[in-house]
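Work through these exercises with the model open. Try each task before reading its solution.

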Amino acid sequence: MPEPLIGGLFSYLLGVELPGFGTNYLKQEMRFLAPAAYDEPLTARVTITRLRPEKHLVDLETICEAADGRRICEGRALVYVEDVGKS
């Protein structure tokens with residue numbers, strides 16, 4: 001199972017796409033629920049669950065699914081964003 005690669009999907013989303021450059025990845029928890037092959041297409045998704053603008057923190061739910069809808073992994077992430085109000 002490609003766990004480090006799946007972790008990299010979330011790291012890419014948070015560091016490049018949402019909210020993007022300047023995001024500091026503070027913590028990640030992942031729970032793997034099903035195996036995934038190295039050549040299997042996967043979709044990673046992050047959803048904001050809490051904004052803490054006074055501390056510049058954003059809590060997120062993280063989910064990775066296979067093309068057939070199987071949930072491969074789920075977890076949470078915490079990131080520091082300089083300007084939470086504009087992310």
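**Exercise 1: Surroundings of E74**

Task: find which residues E74 is in contact with, leaving aside its neighbours within four places in sequence.

Solution. Contact means heavy atoms within 4.5 Å. Under that cut-off and with that exclusion, E74 is in contact with E29, M30, R31, L33, T62 and I63. Strands are DSSP runs of E with at least two residues, and helices are runs of H or I with at least four, numbered from the N terminus. Then check burial. E74 has a relative accessible area of 18%, so E74 is buried. Buried means under 20% relative accessible area, exposed over 50%, and partly exposed in between (1.4 Å probe, protein chains only). Last, the side chain of E74 makes a polar contact with the side chain of R71, at 2.9 Å. A polar contact is a pair of N or O atoms within 3.5 Å; within protein, one must be able to donate a hydrogen and the other to accept it, and residues adjacent in sequence count only if both atoms are side-chain atoms.

A note on the source: this is a predicted model, where local features need pLDDT of at least 70 and side-chain atom pairs count only at pLDDT 80 or more, while totals for chains, interfaces and linings use all residues. Residues are numbered from 1 along each chain as its sequence is written, and side-chain values use heavy atoms, with hydrogens and water left out.

**Exercise 2: The sheet**

Task: state in what order the four strands of the open sheet run.

Solution. The order is β1-β4-β3-β2, with antiparallel pairing. Two strands pair if DSSP finds at least two bridges between them. β1 (24-32) and β2 (42-52) are the edge strands, each pairing on one side only. Within β3, I63 is the bridge partner of R45.

**Exercise 3: The core**

Task: name the residues with the most contacts inside the largest nonpolar core.

Solution. A nonpolar core is a set of buried Ala, Val, Leu, Ile, Met, Phe, Trp, Tyr and Cys residues joined through side-chain atoms within 4.5 Å. The largest has 16 residues, and L60 and I72 have the most contacts inside it. α1, β3 and β4 each give two or more residues to this core.
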